[in-house]
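Trainee: I have a new model on screen. Can we go through some of the terms used for it?

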Amino acid sequence: MTDPTPDDTAAQAVQVARLYYHQGLTTDAIARELGLSRPKVSRLLTLARRTGLVEIRIHDPQAQPQSLEAQLRAHYPFLHPQVVSVPPGSPENVWLERVAVAAARLLGQVLRPGQIVGLAWGTTLDAVSRALTPRPVTNLQFVQLNGSANALDFMSGFVTDTITRFAANYGARAHLFPVPTFFDDPATRAAMWRERSVQHVLDLQNHADVLLYSVGAASAQVPSHVYAAGYLDDADLHALRDQGVAGDIATVFFRGDGSYAGLPINARSSGPDLGLTRRVQHAICVVSGLGKVEALRAALAGELMTTLVIDEVTARTLLAPGP
């Protein structure tokens with residue numbers, strides 16, 4: 001007899017979980033019905049919980065996350081929100097840890113064999129990469145959405161480590177993008193984009209099934225990496241403020257209304273056209289921290305995501321009436 005494949009085991013875990021959680025059968029009853037040992041049933045239930053096949057949520061009427069999710073759906077009908085509870089009075093780094101775990105779990109639920117996943121690097125995605133649960137997915141590819149080279153560091157180890165950590169977790173292939181984050185001249189970018197090696201990466205980006213990213217903001221307490229690591233000089237930052245820029249996704253900048261066309265810096269950016277976030281099946285934005293509220297509000301105005309994973313404190317501030 002051949003050993004069961006991972007897909008067979010996952011299907012059996014789902015079957016056991018349905019009997020246990022939906023029909024209320026005991027592990028003994030499930031074992032008898034399916035002809036399994038009781039320890040085998042227990043292991044399958046543990047597998048279902050650990051791999052995200054089963055997600056346990058406590059619907060406490062006194063708790064905020066479910067109410068906040070309903071409010072977010074009412075404000076943004078296109079959005080699938082997931083609000084993550086955090087300990088009362090906890091600091092923002094704890095919020096990020098909780099949100100990273102939730103985003104990692106969600107990604108594991110979304111991924112399917114043969115998909116292409118576009119990743120925008122940064123502090124938030126680095127945290128998500130460290131919260132992943134190992135699970136092989138056949139023929140899966142991760143592609144970097146924007147370059148990570150700057151004047152001080154041609155190929156950022158911070159960025160490459162994040163991308164390769166995602167790929168290694170799922171036994172997938174990583175496609176890095178070794179170009180500058182920002183070109184000095186738009187003409188240089190146009191010439192580089194004609195290179196076949198670059199076109200290969202751009203083609204993968206354009207055929208992505210899943211995007212995973214955050215919004216960048218200069219004012220975040222846990223700083224966005226692009227603002228904290230020397231990618232932008234003082235002249236760039238002043239120009240962005242003068243042009244009403246609220247934030248960025250994959251180092252492509254957008255205004256307070258979510259529009260991004262016509263901003264000069266975007267002609268030099270290595271990031272994708274943000275219309276990609278509206279074309280893919282899963283555009284997952286992961287946000288934590290009050291300093292990102294303005295940028296997130298602008299991204300939502302532009303409908304630059306389909307799914308939002310956010311901590312409850314940031315979500316509550318996002319929904320609060322403006323001054």
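Predicted model: local features only at pLDDT ≥ 70, side-chain atom pairs only at ≥ 80, totals over all residues.

Trainee: Which residues of α13 are buried?

Mentor: V293, A295, L296, A298, A299 and L300. Buried means under 20% relative accessible area. Their cover includes β6 (245–249), β7 (252–255), β8 (282–287), β9 (307–311) and α14 (312–319).

Trainee: What comes just after α13?

Mentor: E303, with a positive phi of about 55°.

Trainee: Why is β9 called mostly covered?

Mentor: Count its residues under the 20% cut-off. Five of five are buried. T307, V309 and D311 point one way, L308 and I310 the other way. In a regular strand the side chains alternate between the two faces of the sheet.

Trainee: How do you know that β1 and β9 pair?

Mentor: Pairing takes at least two bridges. Five join β1 (residues 80–84) to β9, so they pair. These strands run parallel. One of the bridges links H80 to T307 in β9.

Trainee: Why is the unit of β8, α13 and β9 called right-handed?

Mentor: Point the strands away from you. The path from the first strand over the helix to the second must run clockwise. The unit is right-handed, so its path from β8 over α13 to β9 runs clockwise in that view.

Definitions and conventions. Residues numbered from 1 in each chain as written. Heavy atoms only, no water. Buried < 20%, exposed > 50% of the residue type's maximum accessible area, 1.4 Å probe, protein only. Helix = DSSP H or I, 4+ residues; strand = E, 2+ residues; numbered from the N terminus. Contact = heavy atoms within 4.5 Å.
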